[in-house]
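Reader: I am new to reading structures. Can you take me through some of the terms, step by step?

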Amino acid sequence: MRAVFLAKTASIPSIAVLAGVIALGHARASSSVTPEAVGPLSAQPSLEGAWEMAEFHLTGPDTSYTIHDPQPSLYVFLGRHYSLMHVPGDQPRARFGGGEPTLGSLQPTDAEKLAAYDSLIANAGTYEASEGTLTLRPIVAKNPNLMDGGTLKYGYHFEDEVLWLTSEPAWEEGVSLRFKLTRLE
């Protein structure tokens, strides 16, 4: 009777929490499951998965701007490894002359190659996330200097399923960057 009364008067979230507590108690009572394996009742969002940039903010000594509709991007965090690529700014990348989408059929000019280099940020390697700091250690990068033991550090935090990354790059004194990433999967 008491269980029926609880089910009729409790809200659905309360029942879900109660069920979680009961399940946790049963799991922890089992000799094959340790408390560490069960984990906390309310888990923090995870970095693991695929993300895309939804907004970009730059604040500097002489300028400040926000891009609300950034160009394509993909950030992937799996296990200890990451990969990221994004087109900086709010304009699409310039295409090579001829406009053909096929790979290897074009002979871009030196100016087109330079524009293509400047219009993409890409690197991949290992990462560590600890106490609100995300440290990226590129193994391969568009910028070869990052491949010689360089690191990229970001502050990070979650707001629901939104991941915020912040950085004050050493190569740009007085500049602050903020990236809003939304989960793809």
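Author: Start with a cut-off. A residue is called exposed when its relative accessible area is over 50%, and buried when that area is under 20%. Keep in mind that this model is predicted.

Reader: Why is E131 called exposed?

Author: Set the value against the cut-off. E131 has a relative accessibility of 81%. Exposed means over 50%. Therefore E131 counts as exposed.

Reader: Where is E131 found?

Author: E131 sits in the loop between β5 (121-130) and β6 (133-141).

Reader: What makes the phi of E131 worth a remark?

Author: E131 is not a glycine, yet its phi is positive, about 50°. Most residues other than glycine have a negative phi.

Reader: Which loop holds D160?

Author: D160 lies in the loop between β7 (152-159) and β8 (162-167). Its phi is positive too, about 55°, although D160 is not a glycine.

Reader: How do you know whether D160 is buried or exposed?

Author: Use the cut-off again. The relative accessible area of D160 is 71%. Exposed starts over 50%, so D160 is exposed.

Reader: How much of the protein is buried?

Author: Of the 185 residues, 28% are buried. Each of those has a relative accessible area under 20%.

Reader: How many helices and strands does the protein have?

Author: There are 4 helices and 9 strands. Along the sequence they follow the pattern α-α-α-β-β-β-β-α-β-β-β-β-β.

Reader: What makes up the accessible surface?

Author: The surface comes to about 12,500 Å². Carbon and sulfur atoms account for 58% of that surface.

Methods: Residues numbered from 1 in each chain as written. Predicted model: local features only at pLDDT ≥ 70, side-chain atom pairs only at ≥ 80, totals over all residues. Heavy atoms only, no water. Helix = DSSP H or I, 4+ residues; strand = E, 2+ residues; numbered from the N terminus. Buried < 20%, exposed > 50% of the residue type's maximum accessible area, 1.4 Å probe, protein only. Areas by Shrake-Rupley, 256 points an atom, 1.4 Å probe, with all protein chains shown as cover.
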